Amino acid sequence: MATGHDLIASAGGLLIDWDGCIALGDAPLPGAIRFLQANQSRVAILSNNSTALPQDFSAILERAGVTLPIERIVLAGAETLRQAAASGLRQVTVLASSRMKAHARALGLTLVKERPEAVILMRHTRFSFTDLQRAVDAVSGGARLIVSNADNTHPGRNGRLVPETGALLSALRSCLPHAEPEIVGKPQALLFHRACEVLGISPDQAVMIGDNPDTDIKGARALGMGAVLIGPQGDMSALDLRLPAVHAVALRRP
């Protein structure tokens, strides 16, 4: 089996998850920063994050000494809103942070509380019973259900599990078990293709580095990408091209 070192050395581009790989929350991991500094010309961040915008992550990295253009930071939340606006949707209910609601308006979407064309669900730390009722009413009335990502949790600091969009989706599905959500984030193909596009490579030239086998690795392998699964707390230092990948499990392309 190829090592993480082998796959990374031969890759045309590297797609790297954020939470648990590059950072825990907004705190970059030192090993990840060193790895990015050595490889930043061929890196894209590929994350199911739905509370931040690419410029937010770019600023965090800049303060840590890494310059990465915002177009090479592909986030599920921002991409969900971009796709919704591009598809011609206009009146939507957005269940998300105030930051993401403001971005939706900036893209030309009109936010409504009743009779939307679609409900857009993202990670929302102030999600309430009222939000749940509003979503149930809209989806049962025929509105599309668009979901940024289906992760139930993501890794936080000190081993803490942070509830994610998928936990909110589970609440909605318990009310509407036959609802058919349109998932945008990993392991669906859209974000992977978007990241490859901004790097100017095809999927078979890319390697995905992530900590979640169900999103990062599953999605990459479905597209014929190489994949490297790293351990808890994102020990990216093990993937430094000068070091053996002792903490990585590397998976050949199928």
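Visitor: Asp 216, then: buried or exposed?
Guide: Asp 216 is buried, with a relative accessible area of 0%. Buried means under 20% relative accessible area, exposed means over 50%, and partly exposed is in between, using a 1.4 Å probe and protein chains only. This is a predicted model, where local features need pLDDT of at least 70 and side-chain atom pairs count only at pLDDT 80 or more, while totals for chains, interfaces and linings use all residues. Residues are numbered from 1 along each chain as its sequence is written, and side-chain values use heavy atoms, with hydrogens and water left out.

Visitor: Which residue forms a salt bridge with Asp 216?
Guide: Lys 186 does, and the closest N and O atoms are 2.6 Å apart. Lys 186 lies in the loop between β12 and α8 (189–199) and Asp 216 in helix α9 (residues 213–222), so the pair ties together parts that are 30 residues apart in sequence. Lys 186 is buried too, at a relative accessible area of 2%. A salt bridge here is a side-chain nitrogen of Lys or Arg within 4 Å of a carboxyl oxygen of Asp or Glu. Helices (H or I, at least four residues) and strands (E, at least two) are DSSP runs, numbered from the N terminus.

Visitor: How many salt bridges in the whole structure?
Guide: A search of the whole structure gives eight. Another one is between Arg 144 and Glu 182, with the closest N and O atoms 2.8 Å apart. Arg 144 is in strand β9 (residues 144–147) and Glu 182 in strand β12 (residues 182–183), so this pair ties together parts 38 residues apart in sequence. Arg 144 counts as partly exposed at 34% relative accessibility, and Glu 182 is partly exposed at 32%.

Visitor: What does Glu 79 form a salt bridge with?
Guide: With Arg 82, the closest N and O atoms being 2.7 Å apart. Both lie in helix α4, three residues apart, about one turn of the helix. An α-helix has 3.6 residues a turn, so residues three or four places apart point the same way. Glu 79 counts as buried at 5% relative accessibility, whereas Arg 82 counts as partly exposed at 34%. A network of salt bridges links Glu 79, Arg 82, Arg 194 and Glu 197.

Visitor: How many residues of helix α4 are buried?
Guide: Eight of the eleven residues of α4 (residues 76–86) are, so the helix is largely enclosed by the rest of the structure. Among them are Ala 76, Thr 80 and Leu 81. Just after α4, Gly 88 takes a positive phi of about 100 degrees.

Visitor: What is Leu 81 in contact with?
Guide: Leaving aside neighbours within four places in sequence, Leu 81 is in contact with residues including Met 100, His 103, Leu 107 and Met 122. Contact means heavy atoms within 4.5 Å. Leu 81 has a relative accessible area of 0%.

Visitor: New topic. Where is Ser 50 found?
Guide: Ser 50 sits in the loop between β4 (43–47) and α3 (54–63). At 1% relative accessibility, Ser 50 counts as buried.

Visitor: Which side chain does it make a polar contact with?
Guide: The side chain of Ser 50 makes one with the side chain of Ser 148, at 3.5 Å. A polar contact is a pair of N or O atoms within 3.5 Å; within protein, one must be able to donate a hydrogen and the other to accept it, and residues adjacent in sequence count only if both atoms are side-chain atoms.
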